[in-house]
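Hi,

Here is the structure I promised to pass on. Have a look at it first, and then read my notes below.

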Amino acid sequence: MTRIKLTLSIATSAVVFTAVSIAGPTFIQTEMANASTAAQRTPAAASPAEGKAQPTAGSPTELLQLLGERIKAKDVDGIIALHEPEAAIVNYDGSIIRGHKEIRAFYVDWFKSDPVLTVNPRQTVLAGGKRTGKQIRNRTAAIMGDYSLEQNAPDGTREKFTGNFCDTVQEQPNGTWLYVQDNPYPPHGSPASAHH
C-alpha cells in the first residue's frame, strides 16, 4: 500500500480537536443564519449499517465535528452520509477520489494505517445561497486550517505529516451541511504542501 492510499483527507479526518478548534475558528460570513435551530428541526440521517438515526450537521463547524466523531469510531457508513453523492477528495498525488463508492473504499483502506489526526480549523468563510423569506439556503463554505497526522507506514513504522487544508461544504435545502470537496493539499493538490 502506498503513502498515497494511506493519506487521509484532512477535514474529513478531524479525529482529535485541539484547544484552538474547540474554542472556535474565525468566521467570516456574508450572513448569519441560525443553523443550529435548522439542525434541530431536521430529521437525522439513518445509518444503513445500523438502521438507526444519526445526527446531521446544522453548520460547517458541526459537520467537521460529526465527521471527526465518525472517523474516530471508524463508522464508514456515517462518514459517507456526511458527503454529497458526487463529493470529491483530493489525494496525495493530486488525483481525485470521487463519489460515495470511491470515498468508501478510500476510508476502509485508510483505517488500516491506524491514523491519529489533529485538525486546527482556522477560518470558515460562508458565501452565496438563495434567500427564501427570512432564510438563506444552499450556501457554500470553505473551511481552512492546518493539521498533523500520524499513521503506520507500509514498513510498519509510524510516519508523521503536517500541512494545510481547504475544504468546501454545501448547505442543503433542508438546512443541513454536507462535504463537496475535501482538499488536504492546496493549492491544486500539490504534494509539496504536505511536510514530512
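What follows is a run through what I found, from the whole chain down to single residues.

First, the ground rules. This is a predicted model, so to speak of local features I asked for pLDDT of at least 70, and for side-chain atom pairs 80 or more, while totals for chains, interfaces and linings use all residues. Residue numbers start from 1 along each chain as its sequence is written, and side-chain values use heavy atoms, with hydrogens and water left out.

**Confidence**

pLDDT is the predictor's confidence in each residue, on a scale from 0 to 100. The protein chain has a mean of 76, and 69% of its residues reach 70 or more. (A contact means heavy atoms within 4.5 Å.) By element, the lowest mean pLDDT is that of helix H2 (residues 19-23), at 35, and the highest is that of S6, at 97.

**The chain as a whole**

There are six helices and 12 strands. Of the 196 residues, 48% are buried; buried means under 20% relative accessible area, exposed means over 50%, and partly exposed is in between, with a 1.4 Å probe and protein chains only. The chain exposes about 9,300 Å², with carbon and sulfur atoms supplying 56% of that. Those areas come from the Shrake-Rupley method with a 1.4 Å probe, and for residues only the protein chains shown count as cover. Among contacts between residues at least 6 apart in sequence, 62% join residues at least 24 apart.

**Helix H4 and what comes after**

H4 (residues 60-72) has 13 residues and reaches 18 Å from first C-alpha to last, close to the 18 Å expected at 1.5 Å a residue. That expected span is 1.5 Å times one less than the number of residues. Its buried residues include Pro 60, Leu 63, Leu 64 and Arg 70. H4 is followed by Lys 74, in the loop between H4 and helix H5 (76-80). Lys 74 has a positive phi of about 55 degrees although it is not a glycine, and at 44% relative accessibility it counts as partly exposed.

Asn 138 is another non-glycine with a positive phi, about 65 degrees. Its place is the loop between strand S9 (135-137) and strand S10 (140-152), and its relative accessibility of 29% makes it partly exposed.

**Around S5**

Six of the eight residues of S5 are buried. S5 runs parallel to S12, with three bridges between them, and here His 83 has Tyr 179 as its bridge partner in S12. (Two strands pair if DSSP finds at least two bridges between them.) S5 and S6 are antiparallel, again joined by three bridges, with Ala 88 bridged to Arg 98 in S6. Their hairpin has five residues between the strands, and Gly 94 takes a positive phi near 90 degrees in it.

**Aromatics**

How many aromatic pairs does the structure hold? Four. Rings of Phe, Tyr and Trp (its six-membered ring) pair if their centres lie within 6.5 Å; planes under 30 degrees apart are stacked, over 60 edge-to-face, and the rest tilted. Tyr 92 and Tyr 185 have ring centres 5.4 Å apart and planes at 85 degrees, so they are edge-to-face. This pair links distant parts of the chain, 93 residues apart: Tyr 92 is in the loop between S5 (83-90) and S6 (96-98), and Tyr 185 is in the segment after S12 (177-182). Both are buried. Tyr 107 and Phe 111 make a tilted pair, since their centres are 5.8 Å apart and their planes at 45 degrees; both are buried too. Phe 106, Tyr 107, Trp 110 and Phe 111 form one aromatic cluster.

**Val 169**

Finally, is Val 169 buried or exposed? Buried, with a relative accessible area of 0%. Val 169 is in strand S11 (residues 158-171). Beyond its neighbours within four places in sequence, its contacts include Pro 60 and Leu 63, as well as Arg 139, Trp 177 and Tyr 179. Ile 143 is 26 residues from Val 169 in sequence and 7.7 Å away in space, C-alpha to C-alpha.

Cheers

Conventions:
Helices (H or I, at least four residues) and strands (E, at least two) are DSSP runs, numbered from the N terminus.
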